[in-house]
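Colleague: I would like a close look at one part of this protein, with the strand pairing spelled out. Please start from the whole and then zoom in.

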Amino acid sequence: MQDWIRDQMRGDSQTLKAVYQEEGEAGLIAIIDGLSYVSFEKTRLYQLLDADGNVLSGNIPAPLIGALPTQMAANDSRLAVHPPYEVDVYWLREDTLGPYRLIQGAGNHLVAEILEALAAALLLGYVSVIILGLIVGVRVGRITEQRITSISAVMADVSAGQLAARVPTRETAKDDLSRVSAGINGMLDQIGRLLESQQQISNDIAHDMRTPLQRLRQRLERMSQTGTVEPEDLLACQRQTDDIITTFNALLRIAQIEARNRNSRFENVDIVEILTVVAEVFEPAAEEAGIELVAPIFGQGLIVTGDRGLLMQMFSNLVENAIRHCPSGTSITLAAASETHSITAFVADTGPGIDRTDHDRIFRRFFRIEGSRNTSGHGLGLSLVKAIADMHGATIAVRDNNPGALFEIRFEL
(Lines give C-alpha, C1' and ligand atoms only; values in the text may rest on other atoms or scores of the structure.)
Protein backbone atom coordinates (compact mmCIF):
# COMPACT_ATOMS: atom_id res chain seq x y z
CA MET A 1 0.00 0.00 0.00
CA GLN A 2 2.87 2.37 0.82
CA ASP A 3 4.55 1.63 -2.51
CA TRP A 4 1.25 2.22 -4.33
CA ILE A 5 0.78 5.62 -2.64
CA ARG A 6 4.36 6.66 -3.44
CA ASP A 7 3.81 5.65 -7.07
CA GLN A 8 0.67 7.84 -7.07
CA MET A 9 2.64 10.85 -5.77
CA ARG A 10 5.33 10.20 -8.39
CA GLY A 11 2.64 10.20 -11.11
CA ASP A 12 1.14 13.45 -9.71
CA SER A 13 4.54 15.19 -9.81
CA GLN A 14 4.99 14.22 -13.47
CA THR A 15 1.51 15.54 -14.25
CA LEU A 16 2.24 18.84 -12.45
CA LYS A 17 5.54 19.13 -14.29
CA ALA A 18 3.68 18.86 -17.59
CA VAL A 19 1.18 21.52 -16.42
CA TYR A 20 4.06 23.88 -15.55
CA GLN A 21 5.65 23.36 -18.95
CA GLU A 22 2.37 24.12 -20.74
CA GLU A 23 0.73 26.79 -18.54
CA GLY A 24 3.63 28.27 -16.57
CA GLU A 25 3.65 29.42 -12.95
CA ALA A 26 0.06 30.64 -12.84
CA GLY A 27 -1.34 27.38 -14.15
CA LEU A 28 0.83 25.33 -11.74
CA ILE A 29 -0.29 27.39 -8.71
CA ALA A 30 -3.94 27.14 -9.75
CA ILE A 31 -3.76 23.33 -10.08
CA ILE A 32 -2.03 22.90 -6.71
CA ASP A 33 -4.57 25.21 -5.04
CA GLY A 34 -7.34 23.06 -6.52
CA LEU A 35 -5.73 19.82 -5.35
CA SER A 36 -5.24 21.25 -1.85
CA TYR A 37 -8.86 22.37 -1.72
CA VAL A 38 -10.38 19.02 -2.76
CA SER A 39 -8.08 16.99 -0.50
CA PHE A 40 -10.50 15.11 1.79
CA GLU A 41 -9.75 16.06 5.40
CA LYS A 42 -6.19 16.88 4.37
CA THR A 43 -5.25 13.27 3.65
CA ARG A 44 -3.12 14.70 0.82
CA LEU A 45 -0.66 17.55 1.45
CA TYR A 46 0.87 19.93 -1.08
CA GLN A 47 3.36 22.78 -0.83
CA LEU A 48 4.95 24.74 -3.66
CA LEU A 49 8.06 26.79 -2.74
CA ASP A 50 9.94 29.26 -4.88
CA ALA A 51 13.73 29.48 -5.06
CA ASP A 52 13.76 31.70 -1.92
CA GLY A 53 11.72 29.23 0.14
CA ASN A 54 8.49 31.21 0.06
CA VAL A 55 5.20 29.27 0.03
CA LEU A 56 3.39 29.92 -3.25
CA SER A 57 0.58 27.36 -2.94
CA GLY A 58 -0.66 24.34 -0.97
CA ASN A 59 -2.31 23.40 2.30
CA ILE A 60 0.91 23.40 4.39
CA PRO A 61 1.22 27.00 5.55
CA ALA A 62 4.67 26.80 7.12
CA PRO A 63 7.56 26.29 4.66
CA LEU A 64 9.42 22.95 4.98
CA ILE A 65 13.03 24.00 4.76
CA GLY A 66 16.02 21.69 4.64
CA ALA A 67 16.30 17.98 3.96
CA LEU A 68 12.88 16.40 3.73
CA PRO A 69 12.36 13.07 5.55
CA THR A 70 10.58 10.22 3.79
CA GLN A 71 7.80 10.30 6.40
CA MET A 72 6.64 12.58 9.19
CA ALA A 73 4.23 12.19 12.09
CA ALA A 74 0.82 13.76 11.49
CA ASN A 75 1.07 15.85 14.65
CA ASP A 76 4.47 17.33 13.68
CA SER A 77 4.35 21.11 14.20
CA ARG A 78 6.07 21.78 10.88
CA LEU A 79 3.04 20.44 9.01
CA ALA A 80 0.60 22.67 10.93
CA VAL A 81 -2.37 20.58 9.76
CA HIS A 82 -5.21 18.86 11.57
CA PRO A 83 -5.51 15.44 9.88
CA PRO A 84 -8.36 12.95 10.48
CA TYR A 85 -7.96 10.48 13.31
CA GLU A 86 -7.12 7.65 10.88
CA VAL A 87 -3.93 9.43 9.79
CA ASP A 88 -0.95 9.25 12.10
CA VAL A 89 1.88 9.35 9.53
CA TYR A 90 2.39 11.21 6.26
CA TRP A 91 4.66 9.77 3.59
CA LEU A 92 6.50 12.69 1.93
CA ARG A 93 8.00 13.21 -1.50
CA GLU A 94 9.98 16.10 -2.97
CA ASP A 95 10.32 17.02 -6.66
CA THR A 96 11.79 19.95 -8.61
CA LEU A 97 9.62 21.70 -11.16
CA GLY A 98 11.84 24.19 -12.92
CA PRO A 99 12.85 26.78 -10.27
CA TYR A 100 10.17 25.54 -7.88
CA ARG A 101 10.23 22.90 -5.14
CA LEU A 102 7.14 20.67 -4.91
CA ILE A 103 6.49 18.80 -1.66
CA GLN A 104 3.73 16.18 -1.48
CA GLY A 105 2.39 14.20 1.47
CA ALA A 106 -0.01 11.28 1.63
CA GLY A 107 -1.59 9.98 4.83
CA ASN A 108 -1.67 6.34 5.80
CA HIS A 109 -5.45 6.34 6.35
CA LEU A 110 -5.97 3.72 3.64
CA VAL A 111 -3.73 1.32 5.55
CA ALA A 112 -5.70 2.00 8.72
CA GLU A 113 -9.00 1.43 6.93
CA ILE A 114 -7.73 -1.81 5.38
CA LEU A 115 -6.48 -3.01 8.76
CA GLU A 116 -9.85 -2.16 10.26
CA ALA A 117 -11.64 -4.07 7.51
CA LEU A 118 -9.28 -7.01 7.92
CA ALA A 119 -9.80 -7.02 11.67
CA ALA A 120 -13.59 -7.03 11.19
CA ALA A 121 -13.32 -9.78 8.57
CA LEU A 122 -11.02 -11.88 10.75
CA LEU A 123 -13.29 -11.42 13.75
CA LEU A 124 -16.37 -12.31 11.73
CA GLY A 125 -14.55 -15.24 10.13
CA TYR A 126 -13.30 -16.46 13.51
CA VAL A 127 -16.81 -16.33 14.97
CA SER A 128 -18.21 -18.08 11.87
CA VAL A 129 -15.55 -20.80 12.04
CA ILE A 130 -16.23 -21.30 15.75
CA ILE A 131 -19.98 -21.60 15.16
CA LEU A 132 -19.52 -23.87 12.12
CA GLY A 133 -16.93 -25.92 14.00
CA LEU A 134 -19.30 -26.37 16.93
CA ILE A 135 -22.13 -27.44 14.62
CA VAL A 136 -19.93 -29.86 12.65
CA GLY A 137 -18.20 -31.06 15.81
CA VAL A 138 -21.49 -31.83 17.53
CA ARG A 139 -22.77 -33.60 14.41
CA VAL A 140 -19.61 -35.64 13.94
CA GLY A 141 -19.50 -36.37 17.66
CA ARG A 142 -23.05 -37.73 17.59
CA ILE A 143 -22.34 -39.86 14.52
CA THR A 144 -19.13 -41.15 16.11
CA GLU A 145 -20.95 -41.84 19.39
CA GLN A 146 -23.65 -43.78 17.54
CA ARG A 147 -21.08 -45.90 15.72
CA ILE A 148 -19.07 -46.53 18.90
CA THR A 149 -22.31 -47.48 20.64
CA SER A 150 -23.03 -49.89 17.79
CA ILE A 151 -19.57 -51.43 18.11
CA SER A 152 -19.96 -51.72 21.89
CA ALA A 153 -23.35 -53.38 21.46
CA VAL A 154 -21.90 -55.94 19.07
CA MET A 155 -19.01 -56.67 21.46
CA ALA A 156 -21.53 -57.10 24.29
CA ASP A 157 -23.58 -59.51 22.15
CA VAL A 158 -20.46 -61.50 21.33
CA SER A 159 -19.52 -61.60 25.01
CA ALA A 160 -23.00 -62.94 25.71
CA GLY A 161 -22.42 -65.78 23.25
CA GLN A 162 -24.01 -64.39 20.08
CA LEU A 163 -21.04 -65.10 17.82
CA ALA A 164 -23.01 -64.28 14.67
CA ALA A 165 -23.24 -60.58 15.62
CA ARG A 166 -21.34 -58.22 13.30
CA VAL A 167 -20.69 -54.47 13.19
CA PRO A 168 -22.61 -52.74 10.33
CA THR A 169 -20.16 -51.46 7.71
CA ARG A 170 -20.20 -49.84 4.30
CA GLU A 171 -17.85 -51.07 1.60
CA THR A 172 -17.18 -47.54 0.32
CA ALA A 173 -16.34 -46.07 3.76
CA LYS A 174 -12.62 -45.45 4.39
CA ASP A 175 -12.65 -43.65 7.74
CA ASP A 176 -10.95 -44.90 10.91
CA LEU A 177 -14.06 -46.35 12.52
CA SER A 178 -14.91 -48.21 9.31
CA ARG A 179 -11.45 -49.79 9.33
CA VAL A 180 -11.85 -50.66 13.01
CA SER A 181 -15.30 -52.15 12.31
CA ALA A 182 -13.94 -54.19 9.40
CA GLY A 183 -11.09 -55.39 11.62
CA ILE A 184 -13.52 -56.42 14.37
CA ASN A 185 -15.71 -58.27 11.86
CA GLY A 186 -12.64 -60.02 10.45
CA MET A 187 -11.57 -60.99 13.96
CA LEU A 188 -15.05 -62.33 14.74
CA ASP A 189 -15.07 -64.29 11.47
CA GLN A 190 -11.72 -65.81 12.37
CA ILE A 191 -12.92 -66.63 15.89
CA GLY A 192 -16.00 -68.27 14.38
CA ARG A 193 -13.88 -70.36 12.04
CA LEU A 194 -11.57 -71.36 14.89
CA LEU A 195 -14.47 -72.33 17.13
CA GLU A 196 -16.06 -74.28 14.29
CA SER A 197 -12.74 -75.97 13.66
CA GLN A 198 -12.34 -76.80 17.34
CA GLN A 199 -15.85 -78.18 17.46
CA GLN A 200 -15.15 -80.24 14.36
CA ILE A 201 -11.89 -81.46 15.87
CA SER A 202 -13.66 -82.45 19.09
CA ASN A 203 -16.30 -84.35 17.12
CA ASP A 204 -13.66 -86.03 14.98
CA ILE A 205 -11.62 -87.03 18.05
CA ALA A 206 -14.71 -88.47 19.71
CA HIS A 207 -15.63 -90.33 16.52
CA ASP A 208 -12.16 -91.65 15.71
CA MET A 209 -11.19 -92.52 19.27
CA ARG A 210 -14.43 -94.23 20.20
CA THR A 211 -13.85 -97.37 18.15
CA PRO A 212 -10.27 -98.16 19.31
CA LEU A 213 -11.17 -97.32 22.93
CA GLN A 214 -14.24 -99.56 22.77
CA ARG A 215 -12.15 -102.41 21.35
CA LEU A 216 -9.52 -101.88 24.01
CA ARG A 217 -12.17 -101.91 26.75
CA GLN A 218 -13.77 -105.07 25.34
CA ARG A 219 -10.46 -106.90 25.35
CA LEU A 220 -9.69 -105.71 28.88
CA GLU A 221 -13.15 -106.83 30.02
CA ARG A 222 -12.70 -110.25 28.42
CA MET A 223 -9.30 -110.66 30.06
CA SER A 224 -10.73 -109.62 33.44
CA GLN A 225 -13.65 -112.06 33.10
CA THR A 226 -11.55 -115.04 32.04
CA GLY A 227 -8.83 -114.28 34.51
CA THR A 228 -6.21 -115.14 31.90
CA VAL A 229 -4.10 -112.92 29.67
CA GLU A 230 -3.57 -114.26 26.19
CA PRO A 231 -0.43 -112.99 24.40
CA GLU A 232 -2.52 -112.12 21.33
CA ASP A 233 -4.93 -110.01 23.38
CA LEU A 234 -2.07 -108.30 25.16
CA LEU A 235 -0.36 -107.50 21.83
CA ALA A 236 -3.63 -106.17 20.38
CA CYS A 237 -4.13 -103.95 23.44
CA GLN A 238 -0.63 -102.60 23.05
CA ARG A 239 -1.19 -101.85 19.36
CA GLN A 240 -4.44 -100.05 20.05
CA THR A 241 -2.85 -98.08 22.88
CA ASP A 242 0.06 -97.12 20.59
CA ASP A 243 -2.48 -96.05 17.97
CA ILE A 244 -4.22 -93.75 20.43
CA ILE A 245 -0.91 -92.34 21.71
CA THR A 246 0.25 -91.74 18.12
CA THR A 247 -2.94 -89.80 17.38
CA PHE A 248 -2.59 -87.56 20.42
CA ASN A 249 1.13 -87.04 19.76
CA ALA A 250 0.25 -85.88 16.24
CA LEU A 251 -2.34 -83.45 17.65
CA LEU A 252 0.18 -82.12 20.16
CA ARG A 253 2.77 -81.77 17.39
CA ILE A 254 0.37 -79.71 15.28
CA ALA A 255 -0.50 -77.51 18.28
CA GLN A 256 3.18 -76.97 19.05
CA ILE A 257 3.91 -75.96 15.45
CA GLU A 258 0.96 -73.55 15.36
CA ALA A 259 2.00 -71.95 18.67
CA ARG A 260 5.72 -71.74 17.91
CA ASN A 261 7.45 -68.44 17.29
CA ARG A 262 7.73 -68.35 13.52
CA ASN A 263 11.35 -67.18 13.38
CA SER A 264 12.64 -69.07 16.42
CA ARG A 265 14.73 -71.62 14.50
CA PHE A 266 14.67 -70.30 10.95
CA GLU A 267 17.71 -70.44 8.70
CA ASN A 268 18.50 -70.51 4.98
CA VAL A 269 17.39 -73.90 3.61
CA ASP A 270 17.93 -75.33 0.13
CA ILE A 271 14.64 -76.85 -1.11
CA VAL A 272 16.53 -78.93 -3.71
CA GLU A 273 18.60 -80.52 -0.96
CA ILE A 274 15.47 -81.25 1.13
CA LEU A 275 13.65 -82.94 -1.77
CA THR A 276 16.77 -84.93 -2.72
CA VAL A 277 17.13 -86.30 0.81
CA VAL A 278 13.40 -87.16 1.02
CA ALA A 279 13.59 -89.01 -2.32
CA GLU A 280 16.60 -91.04 -1.15
CA VAL A 281 14.94 -91.92 2.18
CA PHE A 282 11.65 -93.13 0.67
CA GLU A 283 13.04 -94.80 -2.45
CA PRO A 284 13.28 -98.27 -0.78
CA ALA A 285 9.68 -98.06 0.51
CA ALA A 286 8.46 -96.97 -2.91
CA GLU A 287 10.26 -99.88 -4.63
CA GLU A 288 8.78 -102.32 -2.13
CA ALA A 289 5.29 -101.01 -2.94
CA GLY A 290 5.97 -101.22 -6.69
CA ILE A 291 5.91 -97.42 -7.09
CA GLU A 292 8.44 -95.41 -9.10
CA LEU A 293 9.83 -92.43 -7.18
CA VAL A 294 11.13 -89.77 -9.59
CA ALA A 295 13.01 -86.61 -8.56
CA PRO A 296 13.81 -84.53 -11.69
CA ILE A 297 14.62 -81.44 -9.63
CA PHE A 298 15.72 -78.64 -11.94
CA GLY A 299 17.99 -75.89 -10.74
CA GLN A 300 19.99 -75.63 -7.60
CA GLY A 301 20.38 -73.26 -4.72
CA LEU A 302 16.63 -72.66 -4.34
CA ILE A 303 16.98 -71.04 -0.93
CA VAL A 304 14.09 -70.28 1.42
CA THR A 305 14.07 -69.20 5.04
CA GLY A 306 12.67 -71.87 7.34
CA ASP A 307 13.10 -74.68 9.82
CA ARG A 308 15.03 -77.50 8.13
CA GLY A 309 13.56 -80.27 10.29
CA LEU A 310 9.96 -79.15 9.82
CA LEU A 311 10.36 -78.73 6.06
CA MET A 312 11.83 -82.23 5.89
CA GLN A 313 8.83 -83.56 7.82
CA MET A 314 6.37 -81.68 5.57
CA PHE A 315 7.70 -83.22 2.34
CA SER A 316 8.14 -86.61 4.02
CA ASN A 317 4.46 -86.62 5.02
CA LEU A 318 3.42 -85.81 1.45
CA VAL A 319 5.56 -88.57 -0.06
CA GLU A 320 4.57 -91.10 2.63
CA ASN A 321 0.89 -90.22 2.09
CA ALA A 322 1.28 -90.75 -1.68
CA ILE A 323 3.02 -94.13 -1.22
CA ARG A 324 0.28 -95.29 1.15
CA HIS A 325 -2.61 -94.42 -1.18
CA CYS A 326 -1.11 -95.12 -4.63
CA PRO A 327 -1.38 -98.64 -6.09
CA SER A 328 1.51 -100.58 -7.56
CA GLY A 329 2.63 -99.42 -10.99
CA THR A 330 2.11 -95.72 -10.37
CA SER A 331 4.78 -93.05 -9.96
CA ILE A 332 5.53 -90.18 -7.57
CA THR A 333 7.40 -87.09 -8.75
CA LEU A 334 9.25 -84.50 -6.65
CA ALA A 335 10.23 -81.23 -8.31
CA ALA A 336 11.06 -77.62 -7.54
CA ALA A 337 11.25 -74.45 -9.62
CA SER A 338 12.17 -70.82 -9.09
CA GLU A 339 10.07 -67.85 -10.20
CA THR A 340 10.57 -64.10 -9.94
CA HIS A 341 9.40 -63.66 -6.37
CA SER A 342 8.76 -67.22 -5.24
CA ILE A 343 10.01 -70.79 -5.12
CA THR A 344 7.55 -73.60 -5.77
CA ALA A 345 7.91 -77.27 -4.80
CA PHE A 346 5.72 -80.04 -6.24
CA VAL A 347 4.80 -83.54 -5.04
CA ALA A 348 2.72 -85.27 -7.72
CA ASP A 349 1.51 -88.82 -8.22
CA THR A 350 -0.36 -90.79 -10.88
CA GLY A 351 -2.58 -92.61 -8.42
CA PRO A 352 -6.37 -92.51 -7.98
CA GLY A 353 -6.31 -88.78 -7.20
CA ILE A 354 -8.53 -86.73 -4.93
CA ASP A 355 -12.07 -85.69 -5.72
CA ARG A 356 -12.44 -81.95 -6.41
CA THR A 357 -15.05 -81.61 -3.67
CA ASP A 358 -12.44 -82.76 -1.14
CA HIS A 359 -9.65 -80.37 -2.20
CA ASP A 360 -10.57 -77.80 0.44
CA ARG A 361 -11.24 -80.37 3.16
CA ILE A 362 -8.27 -82.72 3.08
CA PHE A 363 -6.18 -80.41 5.29
CA ARG A 364 -8.73 -80.59 8.12
CA ARG A 365 -7.77 -82.69 11.09
CA PHE A 366 -9.08 -86.27 11.04
CA PHE A 367 -10.54 -85.81 7.57
CA ARG A 368 -10.13 -88.89 5.40
CA ILE A 369 -11.48 -89.42 1.91
CA GLU A 370 -13.76 -92.38 1.29
CA GLY A 371 -11.17 -94.50 -0.47
CA SER A 372 -8.67 -94.26 2.39
CA ARG A 373 -10.81 -95.19 5.37
CA ASN A 374 -9.70 -98.83 5.16
CA THR A 375 -6.00 -97.93 5.20
CA SER A 376 -3.87 -97.13 8.22
CA GLY A 377 -3.64 -93.55 9.43
CA HIS A 378 -5.48 -91.00 11.50
CA GLY A 379 -6.18 -88.17 9.06
CA LEU A 380 -3.59 -85.87 10.64
CA GLY A 381 -0.70 -86.05 8.16
CA LEU A 382 -1.99 -83.35 5.80
CA SER A 383 -3.08 -81.21 8.77
CA LEU A 384 0.53 -81.29 9.95
CA VAL A 385 1.69 -80.38 6.42
CA LYS A 386 -0.70 -77.39 6.37
CA ALA A 387 0.47 -76.22 9.83
CA ILE A 388 4.13 -76.33 8.74
CA ALA A 389 3.35 -74.47 5.48
CA ASP A 390 1.42 -71.77 7.36
CA MET A 391 4.28 -71.40 9.83
CA HIS A 392 6.64 -70.68 6.90
CA GLY A 393 4.22 -68.24 5.24
CA ALA A 394 3.85 -70.66 2.31
CA THR A 395 0.65 -71.48 0.45
CA ILE A 396 -0.25 -75.10 -0.22
CA ALA A 397 -2.80 -76.22 -2.78
CA VAL A 398 -3.90 -79.54 -4.25
CA ARG A 399 -4.73 -79.90 -7.95
CA ASP A 400 -5.65 -82.63 -10.39
CA ASN A 401 -2.64 -84.29 -12.01
CA ASN A 402 -4.76 -86.14 -14.59
CA PRO A 403 -4.41 -88.80 -13.38
CA GLY A 404 -3.50 -88.46 -9.73
CA ALA A 405 -3.01 -85.55 -7.38
CA LEU A 406 -0.48 -82.72 -7.35
CA PHE A 407 0.47 -80.81 -4.19
CA GLU A 408 1.98 -77.36 -4.82
CA ILE A 409 3.82 -75.49 -2.05
CA ARG A 410 4.71 -71.89 -2.91
CA PHE A 411 7.27 -69.99 -0.79
CA GLU A 412 7.21 -66.20 -1.23
CA LEU A 413 10.65 -64.56 -1.31
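What percentage of the residues in the protein is buried? And then, what surrounds β10?

Modeller: Buried residues make up 36% of the 413 in the protein. Buried means under 20% relative accessible area, with a 1.4 Å probe and protein chains only. This is a predicted model, where local features need pLDDT of at least 70, side-chain atom pairs count only at pLDDT 80 or more, and totals for chains, interfaces and linings use all residues. Residues are numbered from 1 along each chain as its sequence is written, and side-chain values use heavy atoms, without hydrogens or water.

Now β10. Strands here are DSSP runs of E, at least two residues, numbered from the N terminus. Of the 8 residues in β10, 7 are buried. A hairpin of 3 residues links β9 to β10. These two strands run antiparallel, joined by 7 bridges. Strands count as paired if DSSP finds at least two bridges between them. Alanine 337 has threonine 344 of β10 as its bridge partner. β10 also pairs with β12, again antiparallel, over 7 bridges. There, phenylalanine 346 is bridged to glutamate 408 of β12.

The largest nonpolar core has 46 residues. Such a core is a set of buried Ala, Val, Leu, Ile, Met, Phe, Trp, Tyr and Cys residues joined through side-chain atoms within 4.5 Å. Elements giving it two or more residues include β9 (331-338), β10 (342-349) and β12 (405-412). Phe411 is among the residues with the most contacts inside this core. Contact means heavy atoms within 4.5 Å. Beyond four places in sequence, phenylalanine 411 touches residues including Ser342, Ile343 and His341.

Note on methods. Buried means under 20% relative accessible area, exposed over 50%, partly exposed in between (1.4 Å probe, protein chains only). Helices (H or I, at least four residues) and strands (E, at least two) are DSSP runs, numbered from the N terminus.
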